Amino acid sequence: MAAVVTSTSEPVDTFEPVDRTVDRRAFLARAAALAAAGTVGTAIALPGPAGAHGPVTISPASPIGPGSPGGHGGTVSHGGHGDPGRPNRALDRPEAYRRPRPEALADPTELTIAEAAWLIRAGKLSPEQLVEAYLARIGSYDGTYQAFNLVLADAALATARAATRRTHTGALHGIPLAIKDNYYTAGVPTTANSYLFQDFVPPFDATAVARLRAGGAIVLGKTQMGPLATTRATTPAGVITTVNAWTPTNPGTDPGGSSTGTATAVAGRMATAGTGTQTGGSITAPSNAQNLTGIKPTMGRVSLNGIIPLSYTRDHPGPLARDARDAAIMLTAMAGEDPADPRSQGLPAVPRLIEAATPVYAGKRVRLRWGTRIGVLPGYATGTSATALARQAFLAELAAISGATLVDVPLPDEWDLLGGNTFNNIRLPERSEPFMPYLRTDLRGFGVAVTSWLQGALLGGNEFLTGQRAKLLFLERVLDQLFDACDVVVQTSPVPFDILGLPEIAFPIGFSTAGVPIGTILGGLPYAEDRLLSVVAAYQEVTDWHWRRPADPPAPAAGARSARGTVAAAEPDESRGRLTADQVAELTQ
């Protein structure tokens, strides 16, 4: 039998994926406890899914707002592990560094995290040079892309210069990132593109941001988003701002939302990677729309502390990156237990994500790190549309990889009902509850996003409770009926797994005839981010979709903006169009 080696021809350190050890019934019990916490508003014990930790007592977050800096967190009965301010040794694994492709050496903004990290560690590229390269592109093109709300040019350069003098901390050392504008950033406005937070300056970093900074990352700026994380990026009044980096002159092309600005910043080579949040497709949709690899992790895997909330039981922070390895590096930094967010406690340890995202070989052939049954849902690749053809080619390419087994799987009982709008809408009261003081005083603060907040406030208690029970039934059927036959499953919509808190990864598989990216989504068992990354890493090793970049847009008519100081977003362009409150309600995440 041929030896299994990594893409760097080193022997593989074998280890088991997390999904082989997680107790599915315990995860179901944990989901029930979390639903109860959001429903009754009293402290309860949240069981650990792997049986490795004792119960954690939690209570839901208090009302959020500029005067409530605690963000998404609740109260916690005992602390956890993982100091957000301490460097993460997992970021300095050999697999986190990749020798750059020759074609990427001419332009630092073409480098992935792993490639830039290799050059920085070798002393062939400085963090300051990398930041300067991104600021140059922002100055030239963000007037067209409108990906950023705020560019922290001087602060980023100062941090980059300091990074040159500091001890190397790992693969994120000196890497410039784009941060979605609902993540708290200490001393920097955090607006969520809303009137409610237009003057809010948080006193501390979100836990995820603190962990990225501790890993050596540089915050380049805050990115545009759907108002209060509801739809594609617009102003609070609904004027369209950010465009798809692949069609910058056509604002009608969907750029994905609500993490629109981060996706466009990364796809347009104005940041190496970035952060998003997902409640209803807000990481996977912009990743698919803009040729990126994005991970929505399992509920609780990344702390929500210091992130402006949308739903207590459905918000998921995660990364948007250029490939599986970069996504793994980002998630490794962001993930872990946090005493400020009880949803992150009592979970299995963060797995070896960067190693999982490193391709392995048997001889000269790429193979999956772990034998994996890939479930294919009915109708996934049926038809002759560009998307259907891309899916057919994707499945054929995947089936040719050693260790991959495609399995046709039936939909669990009542999939369309339990995953449809009726039960999906139980998220709306969770959206409204923290904002009730604002709903009672001035609806204008919600701008174009007001409708879904009102819908949530008006949904009856009986409907909400019925919806919570339906959610648990849905989760039980997915765990028992779907995952008995497969290890991962292709998705046609992120919504079912968003409802259930299960992990998903989005990645590119082709292009339409118009040159717009086509992506797909894989979903996994609880905490199976490592297996999802391993499958996508193998697929990306034998395809090149993820290496393709959009052409530069035309320079703005007014010329390049200064990329120095603190640069605010350009004035919105009314010619790009405007979303109405009804459209936002229909498209809301």
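Predicted model: local features only at pLDDT ≥ 70, side-chain atom pairs only at ≥ 80, totals over all residues.

Analyst: A cavity is a set of points on a 1 Å grid over the protein atoms alone, where a 1.4 Å probe fits but cannot get out.

User: Which helix gives the largest share of the lining of the largest cavity?

Analyst: Lining residues have an atom within 4 Å of a point. There are 14 here, with Phe 27, Ala 31, Leu 34, Met 299 and Leu 500 nearest the centre. Helix 1 (24-40) and helix 17 (495-500) each supply at least two; the largest share, five residues, comes from helix 1.

User: Is Ala 192 buried or exposed?

Analyst: Residues are numbered from 1 along each chain, and side-chain values use heavy atoms, without hydrogens or water. Ala 192 sits in the loop between strand 6 (176-180) and helix 5 (207-214) (DSSP runs numbered from the N terminus: H or I of at least four residues, E of at least two). Its phi is near 50 degrees, positive in a non-glycine residue. Because its relative accessibility is 0% (under 20% is buried, over 50% exposed, partly exposed in between; 1.4 Å probe, protein chains only), Ala 192 counts as buried.

User: What is omega for the peptide bond from Gly 257 to Ser 258?

Analyst: Ser 258 lies in the loop between strand 7 (218-223) and helix 6 (260-267). The bond from Gly 257 is cis, with omega near 5 degrees.

Notes. 1 Å grid on protein atoms, 1.4 Å probe; cavity = no way out; pocket = protein on both sides within 12 Å on 5 of 7 lines; lining within 4 Å.
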